[in-house]
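Here are some friendly notes to read alongside the model. Keep the 3D view open and follow the points one by one.

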Amino acid sequence: MAAIDAHPDLAMNETSLWRLLREDVACVFDRDPAARNVFDVLTCYPGIHALVVHRLSNAVWRRGLRWPARFLSYLARALTNIDIHPGATIGRRFFIDHGAGVVIGETAEVGDDVTLYHGVTLGGTSWTKGKRHPTLGDGVLVGSGAKILGPITVGAQCRVGANSVVTKDVPEGMTVVGIPGRVVRPDTQRRLAAHGIDLDHHLMPDPVGKAIACLIDHINRIEARLEAHAAEEAMRPAPPLSTIRLDDLPLDGIVCRSCGNLCDQDACGDRNHDNHDKRSPDFGARADHYVI
């Protein structure tokens with residue numbers, strides 16, 4: 001974050017400001033394979049246009065000329081669809097890819113070698129004056145549509161996944177995804193390119209998806225065990241009928257041995273059943289029934 005502290009002095013010096021702009025243009029070739037030449041970058045990259053105007057408006061803002069600075073940022077927003085408050089502090093080699101819909105608030109602080117994609121918001125969560133926007137460390141990469149809100153700090157070399165919402169501090173070198181943002185991958189498990197900038201922001205872990213996958217795998221194992229148990233039960237021979245005690249079995253539905261009809265015990269004792277075996281004195285007794 002040394003560049004953030006040094007930036008006010010650099011912005012005040014015209015030669016240093018020119019050096020900053022040259023670095024901003026040069027870093028595009030490290031982070032965007034589509035960049036072909038300097039003329040292409042200077043004429044066709046809205047992120048560069050917005051940053052050039054911000055460097056100028058920020059210098060004006062620090063000299064106490066508030067309205068001219070705001071008007072310059074307004075013109076940049078109308079031209080590029082990127083809204084950077086002139087009071088925001090931005091470090092060296094800052095790159096906004098595509099740029100549409102990016103919003104950076106007044107008290108936001110951005111370190112060196114930071115990359116933002118379209119739709120990113122560095123916003124506040126309070127209407128009170130003072131520090132209300134986030135601070136991004138050096139080398140942070142923020143995926144498209146992500147929202148980083150409040151006076152929090154995102155540590156150096158962190159990655160924020162696309163469409164994440166981050167409202168708490170993030171330690172250095174971590175990856176954050178989800179709503180709300182969750183830290184899911186340390187720096188040691190990430191693959192960095194030769195120039196040290198990790199652009200694989202689409203290869204983000206999904207903790208919710210991983211949890212669902214674990215549940216599905218657990219259910220599959222349970223079903224496999226149940227199927228094996230059912231097959232084992234099917235292979236087991238049934239006990240002989242003579243060993244089954246009727247007293248131990250449910251009598252919700254029974255078949256009368258005399259009439260062969262499905263009935264309950266009380267109805268079977270009804271002498272209106274013409275097909276009962278009247279030779280048995282206790283034809284209506286419980287012993288004359290078989291359980292289904």
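**Notes on the strands and a helix pair**

1. Let's start with strand 1 and strand 4 (residues 103-104), which run parallel and are joined by two bridges. Strands here are DSSP runs of E with at least two residues, helices are runs of H or I with at least four residues, and both are numbered from the N terminus. Two strands count as paired if DSSP finds at least two bridges between them. In this pair, I84 sits opposite I104 of strand 4.

2. A word on the source: this is a predicted model, where local features need pLDDT of at least 70 and side-chain atom pairs count only at pLDDT 80 or more, while totals for chains, interfaces and linings use all residues. Residues are numbered from 1 along each chain as its sequence is written, and side-chain values use heavy atoms, with hydrogens and water left out.

3. Strand 8 (residues 135-136) runs parallel to strand 11 and is joined to strand 11 by two bridges, with L136 opposite V154.

4. How do helix 5 and helix 6 lie relative to each other? The axes (lines fitted to C-alpha atoms over the stretch in contact, with angles from 0 to 180 degrees between N-to-C directions) of helix 5 (residues 46-62) and helix 6 (residues 66-80) come within 8 Å and cross at roughly 175°. The two helices are therefore roughly antiparallel, a term for angles over 145 degrees.

5. Which residues of helix 5 meet helix 6? They are P46, H49, A50, V53, S57, V60 and W61, and their partners in helix 6 include R66, P68 and L72; contact means heavy atoms within 4.5 Å.

6. Some residues of helix 5 are buried (under 20% relative accessible area, with a 1.4 Å probe and protein chains only), among them I48, L51, H54 and W61. Just after helix 5, G64 takes a positive phi of about 90°.

7. Finally, the whole protein chain has eight helices and 18 strands, and buried residues make up 39% of its 292 residues.

Terms used
Angles under 35 degrees count as roughly parallel, over 145 as roughly antiparallel, 65 to 115 as roughly perpendicular and the rest as oblique. Buried means under 20% relative accessible area, exposed over 50%, partly exposed in between (1.4 Å probe, protein chains only).
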